[in-house]
Amino acid sequence: MFPDDGGSPATDPLTGHLFEAEETLLRSSTAWPLAGKSRFSLSPDSSNTLKNPPQDCSHISAAGIVVAHNEDLLTQILLCLPLKSLIRFQCVSRGWLSIISNPSFRRLYCGSSNTRALILFRKIWRSCPELKFISFSDEYASSMETAISHLSSNFFTDGEITDLHSCNGLVAVVLKLSHGSREFAVYNPTTSQHRLIPQLNLLEDRHPFVALNIAFDPLKSDHYKLVCVWLGPPTMRIMNVNYGFSIYESETGTWRDSGDIFEIDYAHSPTHFRNGVLWNGCLHWITHWKAIVCFDLDKEDANFTLPSPPVSMEHSEIWYFGESGGCMYFIDINNPGEMLFDIFELASGCSEWVLKYHLNLAPLTILYPSMVDEEFDHSDDWLCRFWLTYFVEDENEKKARLVISLPGKVILYDINDTVVKVLAEVGPTDTDDGCRDYIYQWKDAYPFMKTLAYV
């Protein structure tokens, strides 16, 4: 079953999107930047003619016959179609089915679009987990809200989703069942297909589960990997912690241990190894002290090979760490009192972090006063009542945008044009009073991209 291209948005309380969103232009500038013909053929031979074109061509125009018999041209046309049409067109002929089901076509189809939507997830203490699909335009909103609602109805009824991680269109789900056991699943929101992953034989009393991450690069392979992080045996150093890694490969359908035990100072430990960022063949996590842990998916070992990003304030929050457009970015608060932020990009060669933008969000607080707590301490960033959820850098359009979550809203802020667009209205969360300060924060944000990958 595949999501529809049209229709009204899903009414599931876990999803939300604001249609016909209004845009607001801020008058003052709030940021300033610092810094031969290709040919595609799916056939193994040199011919670009379909081997199985439609047999009855009496009702097709001459131009249509040319297109139907030219595999290169037909491929380029099919790449522009919406998913639902593409699925239906597999039935036109064996030739069309061969094109659409070909791994090379599927990789091109996945890589033909920029980030236009996000999957948001959060679970605050004892509250129910929340899942939202946020689209930058109405184009994706209806069909994908249906897909996210399908994810909710499939897994929330069987137990509780305790964690979620997404990478390039595939979603890894950690599910806690009613009898206390843990189960993993991988879900494709584009096709609404999911697979339950074989149990990983971990002795929870000796090696407690820490986190599950998924690594999927459709431009390199049709297969994905899961990386399960668990606590290793005690270390000889009192303040150090050992972590172990187990890898699941969809190609073989089996788990194996990496054999690498990663020892780290407890004070520098990442936040439970969640939200790994896939870049350059490695999963990356940033620690509380801004050190970056890299897990090489080919060598299957962990290391500190990347330099730590610069910080303006000691013990400040990690406002953002992620990848966009093939580059790594880190956002640090420069001056909480004046709402100044620095956006750093990892330089080519991975030798240093370079300041890309100096960002002033003070004009936004005039438009949305709820972004700042009434008791805001200008020397501290803890009482900022908003969160920098996601950063998008589009080199083709020369645009840089921030997705910001604040009380009641999720907004899209164009750094270059200083335009604000409301993406979603977000209702209150039922949570304990002690977690009231975090109800506006959506820290787990994953770029959504359509993919036909089999799970």
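Start at Ser-166: its bridge partner in E6 is Val-171. The model is predicted, so local features need pLDDT of at least 70 and side-chain atom pairs count only at pLDDT 80 or more, while totals for chains, interfaces and linings use all residues. Residues are numbered from 1 along each chain as its sequence is written, and side-chain values use heavy atoms, without hydrogens or water.

Now select residues 159-167 and 170-177. These are strands E5 and E6, antiparallel and joined by 8 bridges. (Strands are DSSP runs of E, at least two residues, numbered from the N terminus; two of them pair if DSSP finds at least two bridges between them.) The hairpin has 2 residues between its strands. Click Asn-168: its phi is positive, near 50 degrees.

Next, go to Ser-405 in strand E22, residues 399-406. Ser-405 has 0% relative accessibility and counts as buried (under 20% relative accessible area, 1.4 Å probe, protein chains only). Show its polar contacts (N or O atoms within 3.5 Å, one able to donate a hydrogen and the other to accept it; residues adjacent in sequence count only if both atoms are side-chain atoms). The Ser-405 side chain contacts the side chain of Thr-389 at 3.1 Å. A polar atom of the Ser-405 side chain also lies 3.3 Å from the backbone nitrogen of Trp-442.

A disulfide needs cysteine sulfur atoms within 2.5 Å, and the count comes to 0 disulfides. Cys-282 is buried at 14% relative accessible area; Cys-294 is buried at 1%.

Key:
Helix = DSSP H or I, 4+ residues; strand = E, 2+ residues; numbered from the N terminus. Buried < 20%, exposed > 50% of the residue type's maximum accessible area, 1.4 Å probe, protein only.
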